[in-house]
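Please keep the sequence and the structure in view while reading.

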Amino acid sequence: MGSIKKSMLHVLLVSFPGQGHVNPLLRLAKCLASKGLLVTFSSTQDIGQMMEDATNNTTTTANIGDGQLRFEFFSNGWESDEPKRNDMDSLTHQLETVGRDSLNQLINQQAQLGRPPISCIINNPFLPWVVDLATDLGIPCAVLWVQSCAVYSIYYHYQHQLASFPTEDQPDLSVDLPSFERVEKPYGSLKKVILSQFKNLEKAFCVLVDSFEELESETISAMSHLSAPIRPVGPLFKSQNDVSVRGDMWKSSDDCLQWLDSQSPGSVVYISFGSVVSLTKEQMEELGSGLLKSGMKFLWVIKPPSKKYGFGSEAPDGFVEAAESKGSLVVEWCPQEKVLAHPAVSCFVTHCGWNSSMECLSSGVLVVAFPGWGDQVTNAKFLVDVYGVGVRMKKSTDEKGEVELVKSEEVVRCIVESMKGQKAVEMKKNVLKWKKAAEEAVAEGGSSYRNIQAFVDDIQRMASDRLLSKNN
């Protein structure tokens, strides 16, 4: 018996309900659909509603390449205004119980709806129970790791006690680790959720990573001998085939692209701290003051605190008007990959989340690193000291040596350093080198292109083997 046709392969992708998780998984979904597969993207129902409201897109199915992408969402049993969704422990428990049952029903209903059986399930971190569910149902599963391979290696070594890490007796044993691995900042809930992924990772037949071999070759090579097979398939935002299908949870401003069109090449500072970072009033004032003092045009995304999720920051009093008077622009959300690709943008003041890190590296935009917590700390270290594409803001300390804020003077220093002088020239050479490498990785025949194809071939082979076994 021959192999199953690709059009009969059905892949289900399940995302944790967060913008930073939805984006890479949806990009992977579009890549797989372009290969001729039927792909279903799923997350919680409230995320589906936010995506629909933000994009004005009520279509549940999209044809991409030779394949098809569908959207189908599961329930976590909460109303959209449930305040407990902001508590990681409560959300994790709700997803693992009610969410799991709902997703199980969604999977079992596919045959009743006349669709091909699910050939493979792909989840991303924070939903480790999806791997267990797939195993219980006898469906091959894989994981999309949405952070760097370097961070993956750190977590793996921590979980399996393969290296020394900070302890109460030796708190300064290492630096630039993800901050919920640091003794002084345990972030207990996040640590527990992420490390739980490694307890059942052996059930996944491979780990896909939104990175590329040329960027992290040493780490990928070392980890390939320890964990499940690693396949870098990124940068996923560079290889997506249909940019009209988006996973935005907030409505983007089209004004920012029109505004950028009116600016000179390499003249704009872009500032965004992602979807979940919340800064204090004092820090926002220092940042705002520094931007105005720098004399540079800037585009700052300031997402107000959400009534549902709480994350966000308030613009300083009078700042929006002051920015406009200087010819700059403040918006609540924007299509970041389009902004970073715009020739007017010179540098990116970023929290260094991995999505943002990959987007600026692959777009040829320099970095001003402003990491907060989690993997952002490690990403900033690599962007500045390993990849050589940016500078890092330093926080001031008081007379007691306690860390306070990034002051306005430091904001000015970093922006000027990233836009002018010999160091800026060298960093620009580096980032253009990485941009070229990223483009080659996703181009036909490139390392990530081959890894995606190999992954599809694996799904096809396993589906054919299952069918043959069933018929015998």
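A residue is called buried when its relative accessible area is under 20%, exposed when this is over 50%, and partly exposed in between (1.4 Å probe, protein chains only). By that criterion, 58% of the 472 residues in the protein are buried. The model is predicted: local features need pLDDT of at least 70 and side-chain atom pairs count only at pLDDT 80 or more, whereas totals for chains, interfaces and linings use all residues. Residues are numbered from 1 along each chain as its sequence is written, and side-chain values use heavy atoms, with hydrogens and water left out.

The protein contains 17 helices and 14 strands; these are DSSP runs (helices H or I, at least four residues; strands E, at least two), numbered from the N terminus. With contact defined as heavy atoms within 4.5 Å, residues 24 or more positions apart account for 72% of the contacts with a separation of 6 or more.

Eight strands make up an open sheet of mixed pairing, in the order 3-4-2-1-5-6-7-8; two strands pair if DSSP finds at least two bridges between them. Strand 3 (61-64) and strand 8 (230-232) stand at the edges with a single partner strand each, so one side of each has no neighbour in the sheet. From one strand to the next, the twist averages 25°. Strand 3 runs antiparallel to strand 4 (residues 67-71), and four bridges join them; isoleucine 64 stands opposite glycine 67 in strand 4.

Helix 3 (residues 88-112) lies across strands 1, 2, 4 and 5, running at about 165° to strand 1. Axes are lines fitted to C-alpha atoms, for helices over the stretch in contact, and angles run from 0 to 180 degrees between N-to-C directions. Helix 5 (residues 149-159) also packs on the sheet, where it touches strands 6, 7 and 8.

A nonpolar core is a set of buried Ala, Val, Leu, Ile, Met, Phe, Trp, Tyr and Cys residues joined through side-chain atoms within 4.5 Å. The largest has 104 residues, and Leu69, Ile122, Val269, Leu299 and Trp300 have the most contacts inside it. Helix 1 (residues 19-34) gives the largest share, eight residues. Because domain 1 (10-245 + 443-470) and domain 2 (254-420) both contribute residues, this core lies between them; the domain bounds come from an automatic or database domain assignment. Apart from it lies another core, of 41 residues, including Phe74 and Cys141.

Helix 17 (residues 447-471) has 25 residues, which at 1.5 Å a residue should span 36 Å, in agreement with the 36 Å between its end C-alpha atoms; the expected span is 1.5 Å times one less than the number of residues. Among its buried residues are Ile452, Phe455, Val456 and Ile459.
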